[in-house]
Amino acid sequence: MLALLRPYLPTALLVLLIIYFALSALTGDRGLLSADQRDETLIAKTRELAQLERQRQDLETRARLLRDTSLSAELLEERARSLLGFADPRDYVIRMKP
């Protein structure tokens, strides 16, 4: 019986290997069926990157205003009040739970 199947064994192994790689190409992490999920992740990460770039730009602007060469009195006063916990009598203070 084994002698009859021996000529077909390499072909059967090749067919199984092709099926394995075809299923992997469809359902794997980088497969065709997971392309939508990758696109959604890319869109979310792009939005997050844009938000972080805006935040970085804001922080760089604030840091530039606190340098000796271009010191902003208003920004310095705001930071001092924030760190020391003081408020101007004309300020509206809204207390929030941490």
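Colleague: Is Glu 60 buried, exposed or partly exposed?

Modeller: Quick ground rules: this is a predicted model, so local features need pLDDT of at least 70 and side-chain atom pairs count only at pLDDT 80 or more, while totals for chains, interfaces and linings use all residues. Residues are numbered from 1 along each chain as its sequence is written, and side-chain values use heavy atoms, with hydrogens and water left out. On relative accessible area, buried is under 20%, exposed is over 50% and partly exposed is in between (1.4 Å probe, protein chains only). Glu 60 comes in at 37%, so the label is partly exposed.

Colleague: Which residue forms a salt bridge with Glu 60?

Modeller: Side chains of opposite charge can pair when their charged atoms come close. The salt-bridge rule wants a side-chain nitrogen of Lys or Arg within 4 Å of a carboxyl oxygen of Asp or Glu. For Glu 60 the closest N and O atoms are 2.9 Å apart, and the partner is Arg 56.

Colleague: Why are Glu 60 and Arg 56 about one helical turn apart?

Modeller: An α-helix has 3.6 residues a turn, so residues three or four places apart point the same way. Helices here are DSSP runs (H or I, at least four residues; strands are E, at least two), numbered from the N terminus. Glu 60 and Arg 56 are about one turn apart because they sit four residues apart in helix α3.

Colleague: What does the side chain of Ser 34 make a polar contact with?

Modeller: Ser 34 is in the loop between α2 (9-27) and α3 (35-65), and with a relative accessible area of 13% it's buried. A polar contact is a pair of N or O atoms within 3.5 Å; within protein, one must be able to donate a hydrogen and the other to accept it, and residues adjacent in sequence count only if both atoms are side-chain atoms. The Ser 34 side chain reaches the backbone oxygen of Gly 28 at 3.4 Å. On the side-chain end, the contact is at 3.1 Å, with Arg 38.

Colleague: How are the rings of Tyr 20 and Phe 21 arranged?

Modeller: Searching the whole structure turns up one aromatic pair. Its rings, Tyr 20 and Phe 21, have centres 5.3 Å apart and planes at 65°. Rings of Phe, Tyr and Trp (its six-membered ring) pair if their centres lie within 6.5 Å, with planes under 30 degrees apart counting as stacked, over 60 as edge-to-face and the rest as tilted. So this pair is edge-to-face.

Colleague: How far does helix α4 reach from its first C-alpha to its last?

Modeller: Helix α4 covers residues 73-84, 12 residues. The expected span is 1.5 Å times one less than the number of residues. The model is close to that expected value, reaching 16 Å.
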